[in-house]
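Me: I'd like to go through this model and ask what stands behind each label. Can you take me through it?

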Amino acid sequence: MNVYAVEYSYAAAPASLDQHRPAHRAFLRSLVPEFLVVAGAYQSGDMPGALLVVRAPDTSQVERTLDADPFNIQGLITSRTIRLWNPAIGSI
């Protein structure tokens, strides 16, 4: 199984993000442990966003799975970058 780092950039829409965050987090929790390894929002910077580390056989599976994220459905993810990642030190 491959490991991917997925970076989300969020819309500058704090009220909408707050409104849909419970559904977004419930969706992500439903993906643990088979798909989602860890996820969390960035705490600094100009653009709100998050980093997710996931396990999947290929990029297309990552895309299909994350397309169902409520934030994505609501148009609150302005960009999503998926990168195959090779964790060389430590364990996940």
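Me: Start with L36. What stands opposite L36 in β3, and what makes β2 and β3 a pair?

Reply: L36 stands opposite V54 in β3. Two strands pair if DSSP finds at least two bridges between them. β2 and β3 have five bridges, in the antiparallel sense, so they count as a pair. The strand and helix names are DSSP runs (helices H or I, at least four residues; strands E, at least two), numbered from the N terminus.

Me: Before we go on, what kind of model is this, and which atoms count?

Reply: It's a predicted model: local features need pLDDT of at least 70, side-chain atom pairs count only at pLDDT 80 or more, and totals for chains, interfaces and linings use all residues. Residues are numbered from 1 along each chain as its sequence is written, and side-chain values use heavy atoms, with hydrogens and water left out.

Me: Good. How do you know that β1 and β3 pair, and which residues face each other there?

Reply: DSSP gives β1 and β3 eight bridges, again in the antiparallel sense. Across that pairing, A5 stands opposite V53, and E7 stands opposite L51.

Me: What is the order of the strands, and what makes some of them edge strands?

Reply: The order is β2-β3-β1-β4, in an open sheet of four strands with antiparallel pairing. β2 (36-41) and β4 (77-85) are the edge strands, as each pairs on one side only. Neighbouring strands are turned by 15° against each other on average, direction ignored. In general, strands of a sheet pair through backbone hydrogen bonds, either parallel or antiparallel.

Me: Where do α1 and α2 lie relative to the sheet?

Reply: α1 lies across β1, β2 and β3, running at about 170° to β1. α2 packs on the sheet and touches β1, β3 and β4, with its direction making about 150° with that of β4. Those angles run from 0 to 180 degrees between N-to-C directions, using lines fitted to C-alpha atoms, for helices over the stretch in contact. Touching, or contact, means heavy atoms within 4.5 Å.

Me: Why is Y4 called buried?

Reply: Y4 has a relative accessible area of 4%. Buried means under 20%, exposed over 50%, and partly exposed in between (1.4 Å probe, protein chains only), so Y4 at 4% is buried. Y4 sits in strand β1, and its contacts beyond four places in sequence include L52, V54, V62 and W85. Y4 and W85 are 81 residues apart in sequence, yet 5.0 Å apart in space, C-alpha to C-alpha.

Me: And what makes β3 largely enclosed?

Reply: Six of the eight residues of β3 are buried, so the rest of the structure largely encloses that strand.

Me: What makes something a nonpolar core, and which residues touch the most other members here?

Reply: A nonpolar core is a set of buried Ala, Val, Leu, Ile, Met, Phe, Trp, Tyr and Cys residues joined through side-chain atoms within 4.5 Å. The largest one has 20 residues, and V6, Y8, F35, L52, V54, V62 and L66 touch the most other members. β1 (2-10), α1 (14-30), β3 (49-56) and α2 (59-67) each supply at least two residues of this core.

Me: How do you know that D67 and R80 form a salt bridge?

Reply: A salt bridge is a side-chain nitrogen of Lys or Arg within 4 Å of a carboxyl oxygen of Asp or Glu. For D67 and R80, the closest N and O atoms are 2.9 Å apart, so the pair qualifies. D67 lies in helix α2 and R80 in strand β4, so the bridge ties together parts that are 13 residues apart in sequence. D67 is partly exposed at 37%, and R80 is partly exposed at 27%.

Me: How many salt bridges are there in the whole structure?

Reply: The search finds two. R21 and D18 also meet in one, at 2.6 Å, N to O. They are three residues apart in helix α1, which means about one helical turn between them.
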